[in-house]
Amino acid sequence: MSALMQVLPYLVAAYVFLTGCYGLATSRNLIHAVGCLSVCQVSTYILLLAVGYRSGGTAPVFSDIKPGSRPVVDPVVQALTLTDIVVGATVTALLLALVLQIVKRHGTLDPDELRELRG
Amino acid sequence: MTGVLNLVALLLVAGAATAAVAQRDPARQALVLSVLGVLLAVLFTVLQAPDVGLSQLAVGAALTPLLIMLSVRKIRRRGRGRDGAR
Amino acid sequence: MSRRLRLWLLAVGGAGLAALLAAACLDLPGFGGRAHPYGTRAVRASLARHTANTVASVNFDQRAYDTLGEMSILFAAVLGCVVLLRQARDEHRERPRPAEVARPVRRYALLVVPVALVCGLYVIAHGQLSPGGGFQGGVVAATALHLLYLGADYRALERVRPLGTFETVDALSVCAYLVLGLAGVLAATAFLANTLLPYGTFDTLSSGGTVPLLNAAVGIEVASAVVVLLANFLDQAVEIEEGNGG
Amino acid sequence: MDRRTTPRAVLLAAGELLAWWAALALLWLVLITTVDTLERVVGASAAAAGALLARAGRRAVRWR
Amino acid sequence: MNGWILAATVELGGGGAAALWGVTTGPVARRVVAQNLTTAALCPALLLLAQGYGRPAYVDLALLLALLGPVGTLVFARLLHEDLEGRRPSAWGLTYAVAGVGAVVVIVVCAATGPGRAMVKLLVIGALLIGGNLIASRALSGGFQGVRGG
């Protein structure tokens, strides 16, 4: 149990990444592909936070506990993840805007049909 | 005890991610993505990262579904306009 | 390339990547280990500068330059959306018909809009104390405004949302972040160095030197960026139609 | 004199704003943990912004 | 380690798995109901976690979920209403049951906190959670009748 718990979070992150990649590669709908890309992003968040976790630790926020009274988890990876979630959402929006442009210009959502259009 | 909690949260997130990829219709995928967002927020809380959990909650619960659903609506409306013009 | 061949290629590449990732996972330090050298140093630096939330200290003090990069990505992404989703020459706007929303839903929306705005502002303002900060609170405050679209109709949202103002405020808050960074240079230290203001009393709103100010700048930027972003998507989804109109 | 500038309308508007402001300032006091002067100032301005938005939203929804 | 975390684990496992199953199978009408109940099932879990870890600061997460969860459901109720027309998704029995669980959790956590500002905050979260949940259910079961273009 504990030996499995030592690597399981990393394995879950890898699994989520591969699942998202599979969805991206087999997608027949560009909006669905954007959703799969956001699933891929999620895997990086899980990996980073798993690296920073510490058993028995608590959040490095000292508004309601005394500094030094309890062990804390790593704040650096949390800061990296935190900004990326919001920035990632705007990047998703940019991709959706591109999809809307593609639909306007080519009239299709299927990436395979797009390739045929170009010839 | 916390180990079991970590395990449950991780497995739920893995399941939700699989489900989000398996739904091929964007509207249904958006439903799963919003559940995935909330589950991730709980996982981040369990991993002692409430700041990240708040961020994920703010983005995943309402913003991402709204963006995807607005895109879906635009494309559906466009299809309807085409059919009407024909 | 046929679909079959592509699937085979994906399976081979995916299996290889999965093997590599699994090997890497087994070599990572175990989950929940005790050694976090960067974390320990970041906590010490944050406490030395009287910032209660270490994550905010990392974002807006120790790695403030990195956050400037994130902010510019956000700004550029919103700019790209505005350019991509603008009204083209072969499109016209059509007023949507007013919606009929059930009365309890409308009342709920009207009640929760200000509550959600205040909660968003609370999350921004207490970013350096409790969990939260500009990134999270900005999204909450911007989402609050869009309850007016969900609970009433798009015209109601348009009345309380002067889009030009939000675009200007977005740009101004990015500038404010830069100016705060340059003020550090003028005070004869370094760009974005937290030496400008006194560190204040631990666990109060004014603690942490420039952290609360940078935090507020990011909060305003994120809030107005999300409003501008959603405005463009809403315009496309609700108002803009193809053709030049009758 | 416009209908919106009669004393009665002004009083009603001020009352609505004041009621929202009081309610939201109370909400702010509930959310925070320690109270000091700066906290009160920030809370009062956030509540004022919320009250203005509440009134603007209500008027925007009623017109149509 | 303590009863709060055990309760949170049960709530998270049961509620999360049920919501996940509901949102991935069946007609769209049922999926939307499951999405709505996710908020109501996981917000009490967050409250229990905050209590179990002994960190009042974590309560902010439950506050934001209680505020934004119903907003997410309103998004789907509004933008999917064409798919929902005809068969109004309503599961009032389930909605009231989950709201009851939420109320019980809020009251128990309040009793553990003791009177003070923190308790009022918990009560505000409870009111937002249950009110938002009921309104979102109402919106799903026919809140948007005449929405065409807008």
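At what angle do the axes of helix α5 (residues 92–113) of chain E and helix α6 (residues 117–140) of chain E cross? They cross at roughly 175° and come within 9 Å. This is a predicted model, where local features need pLDDT of at least 70, side-chain atom pairs count only at pLDDT 80 or more, and totals for chains, interfaces and linings use all residues. Residues are numbered from 1 along each chain as its sequence is written, while chains are lettered from A and ligands numbered from 1 in the order in which they are written.

- A word on terms: helices (H or I, at least four residues) and strands (E, at least two) are DSSP runs, numbered from the N terminus.
- Axes here are lines fitted to C-alpha atoms, for helices over the stretch in contact, and angles run from 0 to 180 degrees between N-to-C directions.
- α5(E) and α6(E) are therefore roughly antiparallel to each other (angles under 35 degrees count as roughly parallel, over 145 as roughly antiparallel, 65 to 115 as roughly perpendicular and the rest as oblique).
- On the α5(E) side, the residues that meet α6(E) include Trp92(E), Ala99(E), Gly102(E) and Val106(E); among their partners in α6(E) are Leu122(E), Gly126(E), Leu129(E) and Asn133(E). Contact means that the C-beta atoms of two residues, placed from the backbone, lie within 7 Å.
- Sorted by class, the contact of α5(E) with α6(E) has 14 nonpolar, six polar and no charged residues. Ala, Val, Leu, Ile, Met, Phe, Trp, Tyr, Cys and Pro count as nonpolar, Asp, Glu, Lys and Arg as charged, and the others, Gly among them, as polar.

- Helix α5 (residues 103–125) of chain C packs with helix α3 (residues 59–79) of chain E at an angle of about 150°, their axes being 11 Å apart.
- That angle makes α5(C) roughly antiparallel to α3(E).
- The crossing of α5(C) and α3(E) is left-handed, a label used if the near helix is turned anticlockwise from the far one by less than a right angle (right-handed if clockwise).
- α5(C) brings Val112(C), Ala116(C), Cys119(C) and Val123(C) to the contact, and α3(E) brings Asp60(E), Leu63(E) and Leu67(E).
- By class, this contact of α5(C) with α3(E) comes to six nonpolar, no polar and one charged residues.

**Who touches whom**

- Nine pairs of chains touch, and chains A and C have the most contacts among them.
- From chain A to chain C, the contact takes 42 residues of chain A and 47 residues of chain C.
- α1 (2–26), α2 (30–52) and α3 (75–106) of chain A each supply at least two residues of the side that touches chain C, and α3(A) gives the largest share, 16 residues.
- That side of chain A divides into 32 nonpolar, eight polar and two charged residues.
- Chains E and B also meet, with 37 residues from chain E and 33 residues from chain B.
- For the side of chain E that touches chain B, α1 (3–24), α2 (28–52) and α3 each supply at least two residues, with the largest share, twelve residues, coming from α1(E).
- This side of chain E splits into 26 nonpolar, nine polar and two charged residues.
- Chains B and D do not touch; their nearest C-alpha atoms are 16 Å apart.

**Helices and burial**

- Burial works like this: a residue is buried if 20 or more other C-beta atoms lie within 10 Å of its own, exposed if 12 or fewer, and partly exposed in between, with C-beta atoms placed from the backbone.
- Helix α2 (residues 26–46) of chain B has 21 residues and reaches 30 Å from its first C-alpha to its last, close to the 30 Å expected at 1.5 Å a residue. The expected span is 1.5 Å times one less than the number of residues.
- α2(B) is mostly covered, with 21 of its 21 residues buried.
- Helix α9 (residues 211–239) of chain C has 29 residues that should span 42 Å at 1.5 Å a residue, and its end C-alpha atoms are 41 Å apart, which agrees.
- α9(C) is mostly covered too, with 26 of its 29 residues buried.
- Chain D has two helices and zero strands, and buried residues make up 30% of its 64 residues.

**Single residues to look up**

- Gln48(B) follows α2(B) and sits in the loop between α2 and α3 (50–85) of chain B. Its phi is near 65°, a positive value in a residue other than glycine, and Gln48(B) is buried, with 26 other C-beta atoms within 10 Å.
- Leu192(C), in the loop between α8 (163–186) and α9 of chain C, has a positive phi of about 65° although it is not a glycine. Leu192(C) counts as buried because it has 24 C-beta neighbours inside 10 Å.
- Leu24(A) is in helix α1 of chain A and counts as partly exposed, with 19 C-beta neighbours inside 10 Å. Not counting residues up to four places away in sequence, Leu24(A) touches Ala33(A), Cys36(A) and Leu37(A).
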